[in-house]
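Hello,

Here is the structure I promised to pass on. Please open it first, then read my notes below.

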Amino acid sequence: MTSKKLISSRRQVLRSMFLGSVALGIYGCGGSSSSSNNSSTPDTPDVPDVPDVPDVPDPVVPATELPLQAGPLANIGNLVESDVDGTLIPEGFSIRRVARAGFSPSFNFTLWHSNPDGGAVFQADDGGWVYVSNSESTPGGVGALRFDANGDISDNYRILRDTRNNCAGGATPWQTWLSCEEVSDGQVYECDPFGSADDAVARPALGIFNHEAVAVDLPTRTLYLTEDSGSGRLYRFTSIGAKTSINGKEGLDLDNGLLEVLEIEGFEAGGYQDDLAVARKLHKVKWVAVQSPERTQAEVRSEIEATGVGAPGTVFKGGEGIWTQEFPEGQRQTVDGSDHPLRAVIFFACKGDNRVYALDVDNELIEVVFDNEQLTAVDELPYDDVDNLVVSPAGDVIVAEDGDAMRLMVMIPNQPAKILLQVPGGESELTGPAFTADGSRLYFSSQRGPVNLGIPWFGTTYELTIPEEYR
């Protein structure tokens, strides 16, 4: 606000200017010239009051970054070696194997799948839960681990079969799993974590492309989808409304809606943010309708670009994991210069440039909140291909690594990240991080081992138990 002292000074200046102009006008009209009546003096005119100068508000300066905060896992200490495959975990945490590819976790003759990838946890009515895991194989599909209320494995089964390279996916608020095919003409399949493979349904309206992962924002009836391609886009599907889902619960109609791609202001039609310093600052975005959404999008882009015109959408190199973080009322921060408080953020990773983006859903703003050049400590290896991503119930953003260092990182927005755990040995990647609803357990896999049996390329799935002070 403008200070009262400054206003007072303005009034004095205006009053002085007014008086000076009046005196000058009197002198110019002969008011002080000699005459036969030299003793007479002209009357002094009344000086009107100078009107008050209104308060001028400070200009609204748009935010340069979102008001994001780290969760409790940002406070973890050094890692110690566990007795499970030599994994390095924070002191006070514990870890166990829960499944190995080629073996039955519950001894029911259903084998755990090879190449476990993206996953999620779904709560059961009896206090237990289910962890689902994709198989990035062909044929692929999805396996499920059923836990009772004590955390013991009671069953395992398949909820999707005979698909191709099921990489990641996403959980829906109506408790289904969306499994994504990572092939050029890939589709998304909706699965029931408590059902069977016969319940699964393809959802082609969500696009035909090299699918990686998907996240849902229910209040806006939207799904956000990443594309694992060097020239990939970020997609948004807006459903026409509600519909009963395959599990009998009310969800969104995933067969009818509008499919679009995101464009960052200044980087439209195939543009890419080369300059990290620019990408780290907030930019406005818009959405452009996908052309021929029923066709393979890589082919559609090629045809458009062959005409000399850039295909719609900003380029996101190698889109990977994606997750929605929603802030409850009372915890929504103000975004300077924007119309809405921070209600929901879509975090997504891109392995082609090792970036994690944050998209403010309501204000349509985007920024890079993690990258190696800015944030990796000098005594640590740079992150080697950011991959799957999950947000804990306490608000921690966890990013997996598709590289030999094989780490799960706690991503602290716009600050140096911390290592949550590390599986030594290399020749694999960490996949499928997912928390239980109370944040007490984190599941993940080493996609190709180790299994300590001398057999390469078989994955192992783990459970990390998290102390209460970090939930």
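Which backbone oxygen does the side chain of Arg 471 reach? The backbone oxygen of Ile 466, at 2.9 Å. Keep in mind that this is a predicted model.

Some context for that residue. Arg 471 sits in the segment after β29 (460-465). Its relative accessible area is 38%, so Arg 471 is partly exposed. Besides Ile 466, Arg 471 touches Pro 72, Ala 394, Asp 438, Gly 439 and Ser 440, leaving aside residues up to four places away in sequence. Take Ser 440: 31 residues separate it from Arg 471 in sequence, yet the C-alpha atoms are 6.7 Å apart.

The largest pocket holds about 960 Å³ of space. Its lining has 40 residues, and Trp 323, Thr 324, Val 391, Ser 392 and Pro 393 are the closest to the centre. Several strands supply at least two lining residues each, among them β4 (116-123), β12 (211-217) and β23 (386-391). The largest share, 5 residues, comes from β19. By type, the lining splits into 25 nonpolar, 13 polar and 2 charged residues.

The second largest pocket has about 190 Å³. It is lined by 13 residues, and Pro 62, Lys 284, Gly 337, Ser 338 and Leu 365 lie nearest its centre.

Now the charged pairs. Side chains of opposite charge can pair when their charged atoms come close. The structure holds 24 salt bridges.

- Arg 97 and Asp 85: the closest N and O atoms are 3.1 Å apart. Arg 97 is in strand β3 (residues 94-100) and Asp 85 in the loop between β1 (79-81) and β2 (88-90), so the pair ties together parts 12 residues apart in sequence. Arg 97 is partly exposed at 34%, while Asp 85 is buried at 13%.
- Asp 228 and Lys 351: this salt bridge spans 3.2 Å, N to O. Each lies in a loop, and the pair ties together parts that are 123 residues apart in sequence. Asp 228 is buried at 9% relative accessibility; Lys 351 is partly exposed at 23%.
- Glu 429 and Arg 448: the distance is 3.2 Å, N to O. The pair links distant parts of the chain, 19 residues apart. Glu 429 is buried at 7%, and Arg 448 is partly exposed at 21%.

Best wishes

Technical notes:
Residues are numbered from 1 along each chain as its sequence is written. This is a predicted model: local features need pLDDT of at least 70, side-chain atom pairs count only at pLDDT 80 or more; totals for chains, interfaces and linings use all residues. Side-chain values use heavy atoms; hydrogens and water are left out. On a 1 Å grid over the protein atoms alone, a cavity is a set of points where a 1.4 Å probe fits but cannot get out, and a pocket is an open set with protein on both sides within 12 Å along at least five of seven lines; lining residues have an atom within 4 Å of a point. Grid points are joined across faces, edges and corners, and a volume is the space filled by probe spheres set on the points. Helices (H or I, at least four residues) and strands (E, at least two) are DSSP runs, numbered from the N terminus. Ala, Val, Leu, Ile, Met, Phe, Trp, Tyr, Cys and Pro count as nonpolar, Asp, Glu, Lys and Arg as charged, and the others, Gly among them, as polar. Buried means under 20% relative accessible area, exposed over 50%, partly exposed in between (1.4 Å probe, protein chains only). Contact means heavy atoms within 4.5 Å. A polar contact is a pair of N or O atoms within 3.5 Å; within protein, one must be able to donate a hydrogen and the other to accept it, and residues adjacent in sequence count only if both atoms are side-chain atoms. A salt bridge is a side-chain nitrogen of Lys or Arg within 4 Å of a carboxyl oxygen of Asp or Glu.
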